[in-house]
Amino acid sequence: MTQKVAVLGTGKIGEALLSGMIRAGWNPADLLVTSRRQERAEELRSRYGVTPVTNPEAAKSADTLILTVKPQDMGTLLDELAPHVPADRLVISGAAGIPTAYFEERLAPQTPVVRVMTNTPALIDEAMSVISAGTHATAGHLAHTEEIFGAVGKTLRVPESQQDACTALSGSGPAYFFYLVEAMTDAGILLGLPRDKAHDLIVQSAIGAATMLRDSGEHPVKLRENVTSPAGTTINAIRELENHGVRAALIAALEAARDRSRALASGNNS
């Protein structure tokens, strides 16, 4: 049976999802999009062959609704959708920090809701998307969500109670790596390298290290030890990282991100 999927509030992540689904074999005729700006909607139609609709039209005609608006805009969107969403629609939320109960309270009773935290590498089909079921979502709903988000990377099912931790690790995770590369590039300049060469050295090192972590099956401690020879350059660098509390700072940073996700879930936007 043909399934119609609507992406509501189609920004960068929403567009990445559309593009990935089409490359994975979805028929553009079965994909609907909504956008605040008409010119944006027409741009998506021209680029992908998808059908722009209004939010109420999407709610009435799509089997699955993927809500990709910003968390602060979700309440307004749900007010618009609620009168038009039948209880058999699957609603997938991509908004950070908002629990499935928030949607269940505002939509028709028994509406299945799935919460997803993806990240910006969806733009290059390398996302990590973490999926949690709401009260009324079935194994079939989770499998359908995995099929959609699997088009732009890997998926992982977790209990919703772990979503805030996953947001801290993988949702915000790319920013930490970009921050680290920025700092290492500055260090390379301090050591006498041109910025472009320092950047190339660090980025390729990061790609190589990430690939080894993914493909070798080795623990990161083992991989680090393989680079760390006695009295060598690496162990001196590691000593300075430990002396400056980098490990403790990372743990504290992730806790802060987790706590902020919890605050957003409780309605604290300040």
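About 930 Å³ of space lies in the second largest pocket of this predicted model. Pockets were located on a 1 Å grid over the protein atoms alone, as open sets of points with protein on both sides within 12 Å along at least five of seven lines, where a cavity instead is a set of points that a 1.4 Å probe fits but cannot leave. Grid points are joined across faces, edges and corners, and the volume is the space filled by probe spheres set on the points. The lining of the second largest pocket comprises 37 residues, lining residues being those with an atom within 4 Å of a point. Gly9, Gly11, Thr68, Val69 and Lys70 lie nearest the pocket centre. At least two lining residues each come from α1, β4 (64–67), α4 (74–81), β5 and β6. Helices (H or I, at least four residues) and strands (E, at least two) are DSSP runs, numbered from the N terminus. The largest share of the lining, four residues, belongs to α1. By class, 15 lining residues are nonpolar, 15 polar and seven charged. Here Ala, Val, Leu, Ile, Met, Phe, Trp, Tyr, Cys and Pro count as nonpolar, Asp, Glu, Lys and Arg as charged, and the others, Gly among them, as polar.

Residues are numbered from 1 along each chain as its sequence is written. Local features need pLDDT of at least 70 and side-chain atom pairs 80 or more, totals for chains, interfaces and linings use all residues, and side-chain values use heavy atoms, with hydrogens and water left out.

The largest nonpolar core has 26 residues. Such a core is a set of buried Ala, Val, Leu, Ile, Met, Phe, Trp, Tyr and Cys residues joined through side-chain atoms within 4.5 Å. Buried means under 20% relative accessible area, exposed over 50%, and partly exposed in between (1.4 Å probe, protein chains only). Met21, Ile66, Ile92, Val114 and Ile148 have the most contacts inside the core. Elements supplying at least two core residues each include β1 (5–8), α1 (12–23), β5 (90–93), β6 (113–117) and α6 (139–149). Four residues, the largest share of this core, come from α1. Beyond its neighbours within four places in sequence, Ile92 is in contact (heavy atoms within 4.5 Å) with residues including Ile66, Val114, Val116, Ile148 and Phe149. A separate core of 21 residues has Leu77, Leu81, Val85 and Val91 among its members.

The model contains 19 salt bridges, each a side-chain nitrogen of Lys or Arg within 4 Å of a carboxyl oxygen of Asp or Glu. Arg40 pairs with Glu15, with the closest N and O atoms 2.8 Å apart. Arg40 lies in helix α2 and Glu15 in helix α1, so this bridge ties together parts 25 residues apart in sequence. Both residues are buried. Glu15 and Arg40 are also linked with Glu43 and Arg47 in a network of salt bridges. Arg214 and Asp215 form another salt bridge, again with closest N and O atoms 2.8 Å apart. Both Arg214 and Asp215 are exposed. Asp186 and Arg195 meet at 3.7 Å, N to O. Asp186 is partly exposed, at 39% relative accessible area.

Most residues other than glycine have a negative phi. Gln110 has a positive phi, near 75°. Gln110 sits in the loop between α5 (100–106) and β6, and is exposed, with a relative accessible area of 53%. Asp125 also has a positive phi, near 60°. Asp125 is found in the loop between β6 and β7, and is partly exposed at 28%.
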